Amino acid sequence: MSVLVTDHPTLWDGLQRSELLYEVAREITDGKPPQVIGIYGDWGSGKTSFLRQLQFLLTYDAPLDQVFEAITDPQKESQRNRENDDDYRKRTVPILHKQLLGKHSTIRSIPVVWFDAWHYQNESAPIVALLHEIRRQFSPGRKLWNFIKKDSQIVLESALLAIEPIAEAIGPLQAGAKFIGKAVGNVQGVATRYETSHLETELSTEQIRRLLSHSIGQVIGAIDYPKLSTWFGFKKAETVTDPRVGPKLLIIIDDLDRCEPEMAVKLLEGIKVFMNLDHCVFVLGLNEHRLLDHVASLHKDYSADNDEQVARCRHRAKDYLDKIINRHYSLGIVFDQQKLIEQYLKGFQCYVPRLPANEADPQWDRVDYEDAVKAVLADPYLLPPNARKIKGFLGMLLRYQSVKFAAPPEPRLLVLFAYLNQFHPRIVRKMAYYPDYALQFFIWAAGDARKPSDTFDELLPAATRTTAQEKEYQRYHDPINANLFHAHDLARDWWQKEGEHLATPDPATLTQPAPPAGGDNGGNADEQRRREELAYAIRPYILLA
């Protein structure tokens with residue numbers, strides 16, 4: 001049985017990014033703070049998994065379920081093997097850590113605080129929520145507390161207590177900030193605007209920054225770094241801080257681009273104003289294009305109806321982000337999908353009717369279809385190169401393992417209809433009700449699929465482009481869009497090789513809506529038979545709830 005496909009973050013490097021992961025980790029450990037590093041990628045590109053892998057690489061720490069999902073063959077690990085969590089970690093974590101390190105031997109450990117910005121998007125002062133999260137994750141009883149020097153615990157508690165009044169001083173400053181977006185692009189003036197807008201504030205931003213620097217310096221100074229580099233007895237060579245850069249704290253912020261625009265900008269400006277400190281390194285996981293839209297929309301000159309102003313505001317927003325984010329890494333698209341496909345289709349089987357058939361007591365056998373389906377998926381251009389979309393497709397494909405087919409399933413139809421069920425359910429729903437619509441689809445696939453089609457309104461985002469524009473769009477469409485172009489060749493191949501016995505009807509008869517299968521077809525019995533033959537052939541592949 002194949003592995004269950006989920007959209008949860010994973011420590012398994014199925015996208016083969018270990019070299020990039022190590023490069024980012026080295027930038028963090030060897031660079032001199034303050035630093036703000038961006039991890040850019042489209043939604044579904046694997047940013048959260050990459051950030052969790054980064055956290056694990058630097059701390060050996062991860063939720064047990066993520067460790068379990070990431071090992072080489074989780075099907076061999078029974079619940080019995082996981083009853084003692086400590087023993088399970090000792091057995092599996094070093095193996096996983098070595099996999100993420102790739103050809104490299106060691107990496108220096110530093111403390112990491114995880115902050116999910118999306119969970120705090122309703123906060124009036126998000127930087128305050130971040131400070132409270134830092135305080136919470138270092139408090140007694142939390143995991144990071146285990147790595148505090150015994151003789152420094154009192155100092156740490158005092159430093160954590162000192163963060164509270166600092167946060168209280170910041171709160172009114174940020175919650176009442178009305179300048180947000182009024183001067184996007186002028187990051188250097190952010191601190192000045194905070195102060196001039198709140199002259200009654202007892203503490204200036206510079207005073208707050210000094211107090212924060214002192215408190216966070218005490219927090220990370222209390223850490224026992226050799227102990228931090230030892231997780232359940234796992235020893236690493238690099239166990240001390242680099243004297244050239246001193247101790248530091250890594251703060252990972254995920255899903256910033258999913259927040260409301262004002263909250264996202266408030267958090268960015270809070271980082272720049274209050275936490276641009278010698279001890280802090282920030283790593284932000286975000287969809288750059290989405291965040292640019294957020295920042296641009298808050299500019300005083302922004303007008304959604306004026307394309308020229310939108311472009312100008314986005315340009316300024318790009319300058320704004322570049323000033324805050326010192327360096328960025330792009331995750332890009334998934335060029336090699338085979339590792340994902342092999343992992344999740346391992347042991348893929350389908351129910352095939354047992355022969356000779358017994359209508360009174362039908363029986364099925366489970367037959368291995370892994371190699372046949374993987375052969376169809378060998379085409380690198382079939383699936384959109386986006387990790388979430390690939391996994392969603394594979395999850396849909398795995399549903400066919402529970403379908404009891406009346407005839408041995410056709411691998412090309414398994415793949416084609418998994419694609420359609422996942423990305424174009426409206427097309428499948430119409431196929432289920434109108435057999436004529438299914439004929440339309442395959443006739444379109446067998447012909448010139450590059451021409452616009454009124455029948456498949458899901459095919460193109462706009463019907464008003466000129467022929468030249470249409471050709472340009474279809475040639476250079478965004479590859480991560482799961483449009484019908486990806487599935488065209490597969491549908492054409494099956495129709496030409498297997499659908500020839502279904503005689504193509506007169507195109508003139510396809511201009512009117514067909515009746516449901518089995519309904520009155522106006523006396524054209526031959527045409528109705530053709531429709532029903534196709535409807536019967538594809539019915540097992542339609543996975544509609």
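**View 1. The five-stranded sheet in the predicted model.** The sheet is open, and its strands lie in the order β2-β3-β4-β1-β5 with parallel pairing. The edges are formed by β2 (112–116) and β5 (327–330), each of which pairs on one side only. On average, and with direction ignored, neighbouring strands of this sheet are turned by 20° against each other.

**View 2. The pairing of β2 with β3.** Strand β3, which spans residues 249–254, runs parallel to β2, and the two are joined by five bridges. Val112 has Leu250 in β3 as its bridge partner, while Asp116 stands opposite Asp254 of β3. Helix α5 (residues 126–137) packs on the sheet, where it touches β2, β3 and β4 (280–286), and its direction makes about 140° with that of β2.

View 3. Strand β3 is mostly covered, with six of its six residues buried. In a regular strand, side chains alternate between the two faces of the sheet.

**View 4. The pairing of β3 with β4 and the crossover between them.** Strands β3 and β4 run parallel and are joined by five bridges, and the partner of Leu249 in β4 is Cys280. From β3 the chain passes through helix α10 (residues 261–274) to reach β4, a β-α-β crossover that is right-handed.

Methods. Residues numbered from 1 in each chain as written. Predicted model: local features only at pLDDT ≥ 70, side-chain atom pairs only at ≥ 80, totals over all residues. Heavy atoms only, no water. Pairing = 2+ DSSP bridges. Helix = DSSP H or I, 4+ residues; strand = E, 2+ residues; numbered from the N terminus. Axes fitted to C-alpha atoms, helices over the stretch in contact; angles between N-to-C directions. Contact = heavy atoms within 4.5 Å. Buried < 20%, exposed > 50% of the residue type's maximum accessible area, 1.4 Å probe, protein only. Right-handed = clockwise from strand over helix to strand, strands pointing away.
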